[in-house]
Amino acid sequence: MPDSAHPEGTPGAHGFLPERPPVRTMAGTWAGLSELAGAAATAPDAETARGLVARAARDGELTALRQRVSRLSPRNADAASLRVAVIAAACGWSALDPVAPASPRIADAAFLDLWAAVAHRIDHQQFVALPTLALLNWAPERKPRRHLPIDQLARTEALVPVVRWSPQGQPLGRLDLLMLATTRLEAHGIWLLRLAGTLAGRAPGDASTGTALRRLIRIQHALRAQLRSEAAELRAAPASARQGAVLGALAEQGALEPPVFLAADAVLGTGGRRSGEGGRHQMRRHLTAGQRAWLTALDRHCAPVRTLAHRGGPDAAVYREAQESLIALRRTYAGLVHCAVHPGGFAAADRVDAVA
């Protein structure tokens, strides 16, 4: 798709990453939200995390923040959304709709009010999911010597979490490392998004379609190799039943799909084949409105390419190979998730990946 087809806030120039590095330190009253998020993330269990939220509510801290949400700049609103998402996930509330009538019987009402206000401010209702928890939760370990495009920064610099799920002074656990691996996956996946744009509108008989699909396969193989390279570090990291439970709850609600996979789906049709149109909508519900609109446009523009699924010839064979390479990439990512969810080890994850 041409650059003019990419409204502000969509993945046109920088993938699904934010346009600038996430806010590492929030100032003023918002510093309290950062402290609460860090304490909830490292609490020994969900009940302890909920107790921290209840205390902040009793002290009026959450109400004070709720009253200031409308004053947040867009970048700081994103920063607040990360911290609210961490708290919700740490408390076991990630599946809740903050404005649903039943929610106050389960979660703290003052926190729900803050959650709903932040969702309204960023115009993104279902942000307690991987795109927020990973792609807004990283910073370069050291300040880069020169200005770098956001995707290159996330590809080339050592990254650290903004909000840690592992206590300070201890090595990063598997949940932290999985989130950083997802950020790097999105940064490297910018090449896939750019190639998807070149395939948009191509006729299945176009002489360059087969070449573009072969490049897509190479990119997906490279992304898979990158994930495999992350596996050893993830396997060696401290395992935590608590972090595994948080991640498992997100997985149960389908909130762990890397956005770059959804872009590949829009080109290749594997998501629609697997889940139907309703399933595709569910898989995208955690993205922003602009990102969902971009993917819908990509669906439409890549429809001619997807007719190769029903054709014969060399290009059709390459198209099917591209589909299979995306399936293998997904299985490799599922192996990393399995390792992070299950403290018992990586063996089962290795078996999941091996079938690809």
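Mentor: Gladly! Let us begin with a term: contact means heavy atoms within 4.5 Å. Leaving aside neighbours within four places in sequence, aspartate 108 is in contact with Val53, Ala54, Ala57, Leu62 and Trp93. The model is predicted, so local features need pLDDT of at least 70, side-chain atom pairs count only at pLDDT 80 or more, and totals for chains, interfaces and linings use all residues. Residues are numbered from 1 along each chain as its sequence is written, and side-chain values use heavy atoms, with hydrogens and water left out.

Trainee: Where does aspartate 108 lie?

Mentor: Aspartate 108 sits in the loop between α4 (74-90) and α5 (109-122). Helices are DSSP runs of H or I with at least four residues, numbered from the N terminus.

Trainee: What is the nearest side chain of opposite charge to aspartate 108?

Mentor: That is arginine 58, 7.1 Å away. A salt bridge needs a side-chain nitrogen of Lys or Arg within 4 Å of a carboxyl oxygen of Asp or Glu; Lys and Arg count as positive, Asp and Glu as negative, while His and the chain ends are not counted. Aspartate 108 has no salt bridge, yet is buried.

Trainee: Why is cysteine 91 called buried?

Mentor: Buried means under 20% relative accessible area, exposed over 50%, partly exposed in between (1.4 Å probe, protein chains only). Cysteine 91 has 0% relative accessibility, so cysteine 91 counts as buried.

Trainee: And what makes cysteine 302 buried?

Mentor: Its relative accessible area is 0%, so cysteine 302 is buried too. Of the 356 residues of the protein, 54% count as buried.

Terms used. Helices (H or I, at least four residues) and strands (E, at least two) are DSSP runs, numbered from the N terminus.
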